[in-house]
Amino acid sequence: METSGPLDAHLLSKEPGDTGVDLYRRLSSDITAGVAVVSTRLRNRDYAATVSAFLSVSYDPPTMLVSLYAESRIGEAVEEAGTWALSVLSGKHQGTATWLASPGTPLHGLLAQVPFRRGPATGSAVIDGCLAYFELRTVSVHRAATHLLVVGEVLAMGSGAEPSEAPDPLVHFGSEFRRLAP
């Protein structure tokens with residue numbers, strides 16, 4: 001049933017300006033999203049970052065997409081390496097998510113305090129105890145505004161979590177990491 005009355009809308013012009021960008025940032029922070037770590041290995045160096053913009057694209061063949069800031073170290077490394085891993089985090093990984101989302105993290109020793117294992121298909125870091133992980137080969141990269149949309153075909157996948165941890169995914173909502181489990 002259609003209701004009457006106008007929507008409270010802020011119409012954007014071709015150039016949204018600071019007010020439009022700030023409003024978009026505030027409103028889009030209310031989109032609840034899973035939290036994961038994207039990692040890759042390039043020239044014997046590990047790169048990793050926390051992400052909340054990823055999704056399953058297709059079951060056949062298994063394909064995923066992640067959005068990465070184009071000017072970031074992880075964006076550049078994933079694009080050049082051509083393979084990467086996505087580790088879906090549980091509530092117990094909040095510290096890891098915060099660390100890998102922090103601006104200015106060191107490149108050398110980035111994962112020194114993060115327990116991980118090497119993925120068998122890509123050699124990328126897979127976070128210990130993650131709810132699920134996927135190792136991927138990049139099949140396409142699309143530039144969209146300030147980001148790269150990286151599409152990857154799944155080469156290997158698994159889970160490092162105990163069955164009791166499955167109902168406790170780490171999520172991002174209201175510009176904060178949160179847990180679903182009480």
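The following questions and answers concern a predicted model.

Residues are numbered from 1 along each chain as its sequence is written. In this predicted model, local features need pLDDT of at least 70, side-chain atom pairs count only at pLDDT 80 or more, and totals for chains, interfaces and linings use all residues, while side-chain values use heavy atoms, with hydrogens and water left out.

Reader: Which residues have the most contacts inside the largest nonpolar core?

Author: A nonpolar core is a set of buried Ala, Val, Leu, Ile, Met, Phe, Trp, Tyr and Cys residues joined through side-chain atoms within 4.5 Å; buried means under 20% relative accessible area, exposed over 50%, and partly exposed in between (1.4 Å probe, protein chains only). The largest such core has 24 residues. Those with the most contacts inside it are Val 38, Val 51, Val 66, Leu 68, Trp 84, Leu 86 and Phe 134.

Reader: Which elements give two or more residues to this core?

Author: Helices (H or I, at least four residues) and strands (E, at least two) are DSSP runs, numbered from the N terminus. The elements that supply two or more residues to the core are β2, β3, β5, α2 (73-81), β6 (83-88), β9 (132-144) and β10 (147-158).

Reader: How many residues does the second, separate core have?

Author: Among the members of this core are Ala 48, Leu 100, Leu 110 and Ile 127. The number of residues in the second core is 13.

Reader: Within what arc do the buried residues of α3 fall?

Author: Helix α3 covers residues 94-101, and its buried residues are Thr 96, Ala 97 and Leu 100. An α-helix has 3.6 residues a turn, so residues three or four places apart point the same way. The arc is that of the directions from the helix axis to the C-beta atoms. Seen down the axis of α3, the buried residues line one face of the helix, because they fall within an arc of 100°.

Reader: Is Arg 43 buried or exposed?

Author: Arg 43 is placed in the loop between β2 (36-42) and β3 (45-51). Although Arg 43 is not a glycine, it has a positive phi of about 50°. Its relative accessibility is 62%, so Arg 43 counts as exposed.

Reader: Which residues does Ser 29 touch, not counting residues up to four places away in sequence?

Author: Ser 29 lies in the loop between α1 (17-28) and β1 (33-34). With a relative accessible area of 13%, Ser 29 is buried. Contact means heavy atoms within 4.5 Å. Beyond those sequence neighbours, Ser 29 touches Phe 173, Gly 174 and Ser 175.
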